[in-house]
Amino acid sequence: MTEQSLSPQQQQMLALGAVFECAVMADQIATRGDADPAVLESLFESVLVMDATDFDTIYPRPARFQDGLRLLRKSLNREQSRDAARPLSYGLALLHLSSKLRKNDDVVNILRNRLLALEGQRAHFEDLTQPGFCHRLAGIYLDTLGTFRFRIRVQGDPAKLQDEDNAARIRALFLAGVRAAFLWHQMGGRRWRLLFQRKVHLDTLNSIKINEIS
């Protein structure tokens with residue numbers, strides 16, 4: 001199975017998995033100070049792909065989101081885990097933040113213009129995971145989503161959280177998470193359906209064979 005053969009429902013669940021992948025990566029940085037660079041690259045790349053609405057253009061390597069999909073499966077199965085509580089709360093907060101953004105056209109326009117400007121400067125960054133690029137994404141997050149009264153409270157190792165590069169990567173991941181949540185919503189994803197159609201979503205999620213997609 002390739003990403004082109006995924007059903008719309010499977011793509012929708014993978015988009016939600018990307019939201020939770022951002023949450024897991026943010027939690028790893030907050031608690032351990034590191035995260036998989038390949039996964040970070042895929043998530044940060046997606047932020048610059050604004051005009052595409054098809055899943056495989058935005059996320060050409062969905063197999064990198066295994067941690068997010070595992071967290072999503074735990075949530076749908078209603079499995080209680082202390083380690084999963086933090087990233088799960090971040091993932092749900094990103095869905096809420098995305099809904100706030102969709103209702104504010106002014107902030108959407110500012111966000112779009114800032115990302116277009118950054119996309120035009122992409123050639124100056126050899127690696128999208130390097131601190132310079134992460135700080136640019138973090139600055140965009142603070143100037144747009146960061147202006148909302150709603151705040152995502154991050155828990156972790158104080159020493160890790162006080163590191164400016166770590167803080168920038170976490171904010172960049174939250175920006176990427178909102179981008180994934182936007183796509184999930186565009187594809188028909190709704191929070192109420194996660195509550196009332198839990199088994200349907202779980203069956204769809206279980207039908208995705210990660211080792212068969214690129």
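A crossing of two helices is right-handed if the near helix is turned clockwise from the far one by less than a right angle. The legends below describe close-up views of a predicted model.

**Figure 1. Helix α1 crosses helix α5 in a right-handed sense.** The axes of α1 and α5 come within 8 Å and cross at roughly 130°. That angle makes α1 oblique to α5. On the α1 side, the contact is formed by L16, V19, F20, C22, A23, V24, D27 and T31. Their partners in α5 are D83, R86, P87, L88, Y90, G91, L92, L94 and L95. Sorted by class, the residues of this contact comprise 12 nonpolar, two polar and three charged.

**Figure 2. Y90 and D27 touch each other between α5 and α1.** Y90 has its place in helix α5, which spans residues 82-102. Its relative accessibility is 1%, so Y90 counts as buried. Beyond residues up to four places away in sequence, Y90 touches A23 and D27, together with I152, R153, V154, Q155 and F174. A23 and Y90 are 67 residues apart in sequence, yet their C-alpha atoms are 5.4 Å apart in space. D27 lies in helix α1. With 8% relative accessibility, D27 also counts as buried, because the cut-off for that class is under 20%. Residues up to four places away in sequence again left aside, D27 touches D83, R86, P87, Y90 and Q155.

**Figure 3. Helix α1 packs against helix α9.** The two helices comprise residues 8-32 and residues 164-186, respectively. Their axes come within 8 Å and cross at roughly 170°. α1 is therefore roughly antiparallel to α9, since angles over 145 degrees fall in that class. From α1, the residues Q12, A15, L16, A18, V19, C22, M25, A26, I29 and A30 take part. They meet N166, R169, I170, L173, F174, A176, G177, A180, A181, L183 and W184 of α9. This contact of α1 with α9 has 17 nonpolar, three polar and one charged residues.

**Figure 4. A181 and H185 are two residues of helix α9.** A181 is buried, with a relative accessible area of 1%. H185, by contrast, is partly exposed, at a relative accessible area of 23%. H185 touches R102 and R190, not counting residues up to four places away in sequence. H185 and R61 are 124 residues apart in sequence and 20 Å apart in space, C-alpha to C-alpha.

**Figure 5. Helix α1 passes helix α2 in a left-handed crossing.** Helix α2 covers residues 37-47, and its axis is 11 Å from that of α1. The packing angle is about 130°, and α1 and α2 are therefore oblique to each other. In this contact, α1 contributes A18, E21, C22 and M25, while α2 contributes V39, L40 and L43. Six nonpolar, no polar and one charged residues make up the contact of α1 with α2.

**Figure 6. L16, F44, L137 and L175 touch the most other members of the largest nonpolar core.** This core has 71 residues. α1 supplies its largest share, with 14 residues. In soluble globular proteins, nonpolar side chains tend to be buried together. Apart from neighbours within four places in sequence, F44 is in contact with L128, T129, F133, C134, L137, R169, A172 and L173.

**Figure 7. R78 lies in the loop between α4 and α5.** Helix α4 comprises residues 66-76. R78 has a phi near 60°, a positive value in a residue other than glycine. Most residues other than glycine have a negative phi. R78 is exposed, with a relative accessible area of 54%.

Notes
Residues are numbered from 1 along each chain as its sequence is written. This is a predicted model: local features need pLDDT of at least 70, side-chain atom pairs count only at pLDDT 80 or more; totals for chains, interfaces and linings use all residues. Side-chain values use heavy atoms; hydrogens and water are left out. Axes are lines fitted to C-alpha atoms, for helices over the stretch in contact, and angles run from 0 to 180 degrees between N-to-C directions. Helices (H or I, at least four residues) and strands (E, at least two) are DSSP runs, numbered from the N terminus. Angles under 35 degrees count as roughly parallel, over 145 as roughly antiparallel, 65 to 115 as roughly perpendicular and the rest as oblique. Contact means heavy atoms within 4.5 Å. Ala, Val, Leu, Ile, Met, Phe, Trp, Tyr, Cys and Pro count as nonpolar, Asp, Glu, Lys and Arg as charged, and the others, Gly among them, as polar. A nonpolar core is a set of buried Ala, Val, Leu, Ile, Met, Phe, Trp, Tyr and Cys residues joined through side-chain atoms within 4.5 Å. Buried means under 20% relative accessible area, exposed over 50%, partly exposed in between (1.4 Å probe, protein chains only).
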